[in-house]
Amino acid sequence: MEVKMTGIRKSFGSNSVLRGVDFDIQAGEVHALMGENGAGKSTLMNILTGLHKEDAGEIVINGENKRFDNPKEAEENGVSFIHQEMNTWPEMTVLENLFIGKELKNKMGWVKTKEMRTLAEATFADLGVQIELDEDVKKLSVGQQQMIEIAKSLMTNAQVIIMDEPTAALTEREIEMLFKIIHTLKTKNVAIIYISHRMEEIFKISDRITVMRDGVSIDTSLTKETTNDDVVRKMVGRDLEDYYPKKHSKIGEVVFETKGLTKENRFENISFTVKAGEIVGFSGLMGAGRTEIMRSLFGIDELDQGEIYLEGEKITIKNPSMAIAKGIGFLTENRKEEGLILDYSIRDNISLPSIDGFSKKGLIDTHAESDFAKLLMERLHVKAEDQFDSVSSLSGGNQQKVVLAKWIGIGSKVLILDEPTRGVDVGAKREIYQLMNELADRGVAIIMVSSDLPEILGVSDRVIVIHEGHVAGELAKTEATEEKIMKLATGGY
Amino acid sequence: ATLEGENTTESGPVEEKDTAELVVGVSISTLNNPFFISLEEGITDLADEQGTTVKSVDAQDDTAKQTNDIDDLIQQGVDILLINPVDSSAITPAVESANAAGIPVITIDRSSDGGQVVTLVASDNVEGGEMAAEYIAEISGTDANTVQLEGVPGASATRERGEGFTNVAEKSLNVVDSQTANFDRAEGLTVMENMLQSNPEIQAVFAQNDEMALGAIQAIQSAGKTGEIQVVGFDGTEDGIKAVEAGTLSATVAQQPSEMGKLAMQAAFDYFAGETIEEYIASPLELVKGE
Amino acid sequence: MIQTDTVKTKKRNPKDYMGKLGPLLALVVLVILVTVVNPGFISPNNLLNLLRQVSTNALIAFGMTFVIITGGIDLSVGSTLALSSALMAGAIASGLDPILAMVLSLFAGTAFGAVNGLLITKGKMAPFIATLATMTIYRGLTLVYTNGNPITGIGDSFIFKFVGRGYLFGIPFPVVLMIISFILLYILLHKMTFGRKTFAIGGNEKAAFIAGIKNDRIKTGIYAISGLMASLAGIIITSRLDSAQPTAGTSYEMDAIASVVLGGTSLSGGRGRLVGTLIGALIIGTLNNGMNLLGISSFYQQVVKGIVIIIAVLLDRKNKK
Amino acid sequence: MIQTDTVKTKKRNPKDYMGKLGPLLALVVLVILVTVVNPGFISPNNLLNLLRQVSTNALIAFGMTFVIITGGIDLSVGSTLALSSALMAGAIASGLDPILAMVLSLFAGTAFGAVNGLLITKGKMAPFIATLATMTIYRGLTLVYTNGNPITGIGDSFIFKFVGRGYLFGIPFPVVLMIISFILLYILLHKMTFGRKTFAIGGNEKAAFIAGIKNDRIKTGIYAISGLMASLAGIIITSRLDSAQPTAGTSYEMDAIASVVLGGTSLSGGRGRLVGTLIGALIIGTLNNGMNLLGISSFYQQVVKGIVIIIAVLLDRKNKK
Ligand SMILES: Nc1ncnc2c1ncn2[C@@H]1O[C@H](COP(=O)(O)OP(=O)(O)OP(=O)(O)O)[C@@H](O)[C@H]1O
Ligand SMILES: Nc1ncnc2c1ncn2[C@@H]1O[C@H](COP(=O)(O)OP(=O)(O)OP(=O)(O)O)[C@@H](O)[C@H]1O
Ligand SMILES: O[C@@H]1[C@H](O)[C@H](O)CO[C@H]1O
Ligand SMILES: [Mg+2]
Ligand SMILES: [Mg+2]
């Protein structure tokens, strides 16, 4: 199948998001679509699959002028879309999720469960994942849910598969698996549109790269004829210096320490320390339990056992409010569900954890609050008209910066960042790293959970590897390599 | 396929029973209203005196619930049913069920449109409505501008009092407005307030029960028209009588709910004593007026 | 093959069963309690009586289950019941064939439900406020149509009487209707794609749309079903009372919603079971019937009912943990 | 096409103003309509009368606004009103100082509200079902306490009479209470951290919790406020009726919720304004008062009220687009 989109334009209200995009895809190729957050990549794909309607432009499919009215129609015509935001039903089982809207049914309209089960098992086997089909999806990790989305798409026998940041929630292992599948699909002449902010992946699997900037397609070239720096330059419009900025901070005393943190069936005997000015990276496979450890020590989930020390003093944390009062901040991995109030303004989001600090006898000093928000926005280069813009109108990267701003604002001594750059473009990533460095300079102790191995290696002073709820090992910056981390992460020594 | 209430057990000669052995099922339309509380008290007081067992249920003004309640009483094998229907028509099948089970029925305050009942104990609501209208014409003059506060739409008391009132008012009063206030005091207040706004020259009010009348009196008071507007209520509840004594309520068509209950209970005793019972036992109505 | 992907929680988690059994357990405990105090409770006669009492609420609650699974609510069921019944009774009274009149009533109920659905989907109104408004409107129309009076003189036809007062092989016909409806709706909800879509809409409306589900159509259909069930309950009540009452069905939505929630269906949508609703309706019915049998005063009955609802919901929460 | 096509961005979006003005516009149109047909409507006397009628519903709706902003609902307000009033009247009748009795009533209302809050937060019950249960329980307790009879003989104290029947500079005292409550609650909701937290919980409960907000405490406080406002309304009603009615407040929750929604507060939480609620309450009050003035039969009144609610909500939706 061949698709050709030319001169695509689209505005949301007064916000013109696509201003003339040309994009094409040929059978059997992997075509990477690159661009900063908010460049319009997802919007372009939404138009292709009929979720949005273009204002102007032409779509030609197999030589025919054609557009789809809705995603279902696109899918029936062989174009499947794995969305950036997952479209799962948490309360329903894996099996039900896989077949929503396309259940196999007999002539009477009865659902044929057995046949669906067989088909699902086969697909999972192809993907190399083992997920219980009768489990509720809400009990799965983000990564596992992502695999379900991929499986869903594979089952449609699509000719074109759009993958919008499919690996953002995956770790190396699953990514390897996904790439194998992509190769198989290519041999079956399936075309893949691949969107990702992980540069190294792009060069590994794509045949062509199209770069978008501010709603315009800048360039399309063969992957083998271009370079990483080249693509980055086209995306951000200037040269980026080194990807992982140098960190100079002095590492001081131990600020934060845990001893024997345990939560039944989740993790056991987790002990570690973090020093002032230090960035400790937490690595591990999908579902290893990193997120759960952090949630428990921050008081979101309950801890069964263990002790927490802050600056040498034993502290108890029963809920986030207590953690914040002690000077601990936590950027959660799921910014839309737990990090932001999407409909609210940037200011209201930034000031939320510090709101009591702006109150005089309970009355909010809105001037001080606005100054505070403004300062942080400038400091973090949040791209927005002003602080009263609603967060939902920002691009993913800028949303992530708002969450970050909110935690920096409370003046934490200890900052836990769970997947801080998930779905964030290269430019913004670099700014976030720089920010982490600056915080470290000021003596903040930073814990960074990340599934992005290069990032772990590039940013951390020390790496702790979690395997099935246990600390599998610890590596100093100097000794850490991808191989060593993977070995620990998979239970090897 | 069969129907319930189809095969009425022939009510042969009544098996005489002593009051102390009797189990009486009582179904009251609602206990959210002082009137029916007095009614139930009338029944239980007499029953207690005679050592009779009473099983009482409250339909909360829901016709369907009352049918269920009566089924429950029939299940428990009561000897006789004293029913104060929520609605005269809707009670019919329940009475038929009781007939089929061979359980005699006495209705109180409101009749049953069908089935066989031993007797109906009630005051004549139509007559009461007429009494009220006549008294208003007497104190406020013929063709006085009068408004009516109606009870719960569809309730037989509402219909019958309205009917009686209209019978007389058509000829001798000038009815300027008539709205429902659901037998409720708070609604009586607001509805009256609004009526006063739209009809400043109201001279008299007929409220289909005392609760609404008392609400209307508050509205008249806050409009500063106490004394200018005559209010006539219905029921003769404790509060109503007090208001008549205080002169804020001109009159109330007093029913005697407790007496009604007693009469019904007594009829049940007489029935099981083998006496013949009148088809209709009138509970006294009395116009209680200030001086 | 990669092993690390497996989920630790297994399919047959005993706690899951507890969660599902929670409502049933509550019902059993309740039945035992009532029986101990008054053994007459479990006499076959009383049980049939109880089932007949339960049937109307159960029918309404079945429809409400669909609505609540989509994350909605239908406050208008009581008024829909009253209006469709009044129309039917009016038609019979003015000479229409009773069977046709009953069909008319079911159509009317379905239409009133569909109006709710359209307000919610096309009008994008919150279900609570849309059905609150139609609750008032349908009730008002009933009062206007009946002029506040019950409609009587409708009871000649055997078929019509049979619907509410008949027995089939010793089982009250309303109970038969309840069982048939249960089976049909069970299949619709749990075995057919319509049900899957219902759950999908409740679980994640946006994702359902993207998955090609015609949310608006399904939702309108669901509110129509709710209206249909309300009008069916209305036919039974009208037949049982031999008259259409203008105030019929007042506040029935509350018992129906309570039954659905007691049955374990979540008010936030996306989760629920029809068999749970049946059990919920039986709990409410047993409470009503049992407390009458135990001679508890109607004032205390309300207190007890509220407390039982709280306890049952809390227990269910606990089991689900 | 999916719904999110809209930009709900700028604070200073002119369409937003339209959205905010929507309810006010509806009110103005309504007032003009009624006045044209019956000029008596805008006589100062009737307006004061209208405001006094509105005051109790407005007070309850103010509390309800907080509840709805958190994404909750409080069905128990009417029963809370009745129970706290009955307790107060009982206390006065048995000789307690009326002022103390009024304070007692406010405390009681607050406590009943807090019980709702605890069921919802600690018991993790859905607000709808928790307050549905307490609605039944509080009503039952009221009936038990009053034995179904109104409590009378409480009207001797000037202060007590004044609360419902007094005038301050020609303004009915209930209206004064409404204005004072409005100002205090406005500050609480829109100017203080408590309000900010209320919105945050409604906007995203999880995010609010993680940001260190004590959700449970705030929510419990909010339901307590709702109870407090209901009991305040109860004092006014009791004073006006010179007696505590066991059935007082029945179905008041519906008018309160309708007022809140008409005022533009979203039932899904996170969005709302107290001034909107005031306007919403005025719309409902104008409807009730106006239709009486126009002599519309009470049956049709219900139909009209429902239709106006639908139209107002639809217009509001439209403006917000
Ligand atoms: N439904 C919508 N309504 C209004 N604005 C929208 C909508 N969808 C997207 N936008 C805006 O369009 C722009 C492009 O968004 P899009 O999601 O296409 O970016 P993207 O290139 O996929 O970015 P990312 O890498 O962060 O996913 C953004 O500024 C976004 O805020
Ligand atoms: N509520 C739950 N019920 C059952 N299992 C759960 C639940 N929450 C998490 N898990 C499981 O616990 C394990 C740890 O998950 P966690 O999210 O902490 O992993 P992680 O190391 O942060 O990985 P990820 O990259 O997926 O976030 C996973 O296997 C997950 O499926
Ligand atoms: O006779 C009673 C009383 O008047 C009561 O106030 C309302 O219902 C009627 O049936
Ligand atoms: Mg995107
Ligand atoms: Mg994680």
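Colleague: How many residue pairs in polar contact turn up across the interface of chain C and chain D, with both residues at pLDDT 80 or more?

Modeller: Zero residue pairs there pass the rule. A polar contact is a pair of N or O atoms within 3.5 Å; within protein, one must be able to donate a hydrogen and the other to accept it, and residues adjacent in sequence count only if both atoms are side-chain atoms. Keep in mind that this is a predicted model: local features need pLDDT of at least 70, side-chain atom pairs count only at pLDDT 80 or more, and totals for chains, interfaces and linings use all residues. As for bookkeeping, residues are numbered from 1 along each chain as its sequence is written, chains are lettered from A and ligands numbered from 1 in the order in which they are written, and side-chain values use heavy atoms, with hydrogens and water left out.

Colleague: Then what makes chains C and D count as being in contact?

Modeller: Contact means heavy atoms within 4.5 Å, and 42 residues from chain C and 42 residues from chain D take part. Of the five pairs of chains in contact, C and D share the most contacts. Chain A and chain B, by comparison, have no contact, and their closest C-alpha atoms lie 32 Å apart.

Colleague: How much area do chain C and chain D bury between them?

Modeller: About 3,600 Å², with 86% of it on carbon and sulfur atoms. Buried area is the accessible area (1.4 Å probe) that two parts lose on being put together, summed over both. Phe128(C), Met254(C) and Phe299(C) supply 16% of what chain C buries against chain D, more than any other three residues.

Colleague: Which elements give two or more residues to the side of chain C that touches chain D?

Modeller: Helices 5 (127–146), 9 (205–210), 11 (252–262) and 13 (298–320) of chain C. Helices here are DSSP runs (H or I, at least four residues), numbered from the N terminus. Helix 5 has the largest share, 13 residues.

Colleague: On to the ligands. Why is the site of ligand 1 called shared?

Modeller: Because residues from chains A and D surround ligand 1. Being near a molecule means having a heavy atom within 4 Å of it. Of the 17 residues around ligand 1, Asn37(A), Gly38(A), Ser42(A), Thr43(A) and Gln84(A) come nearest.

Colleague: What makes Thr43(A) a polar contact of ligand 1?

Modeller: A polar side-chain atom of Thr43(A) sits 2.5 Å from a ligand 1 oxygen, so the pair falls inside the polar cut-off. The protein covers 82% of the 630 Å² of accessible area that ligand 1 has on its own, worked out by the Shrake-Rupley method with a 1.4 Å probe.

Colleague: And how much of ligand 3 does the protein cover?

Modeller: Start with its contacts: an oxygen of ligand 3 is 2.6 Å from a side-chain N or O atom of Arg161(B). Arg110(B) has a polar side-chain atom 2.6 Å from a ligand 3 oxygen, and for Asp109(B) the distance is 3.0 Å. Of the 270 Å² of accessible area that ligand 3 has on its own, the protein covers 99%.
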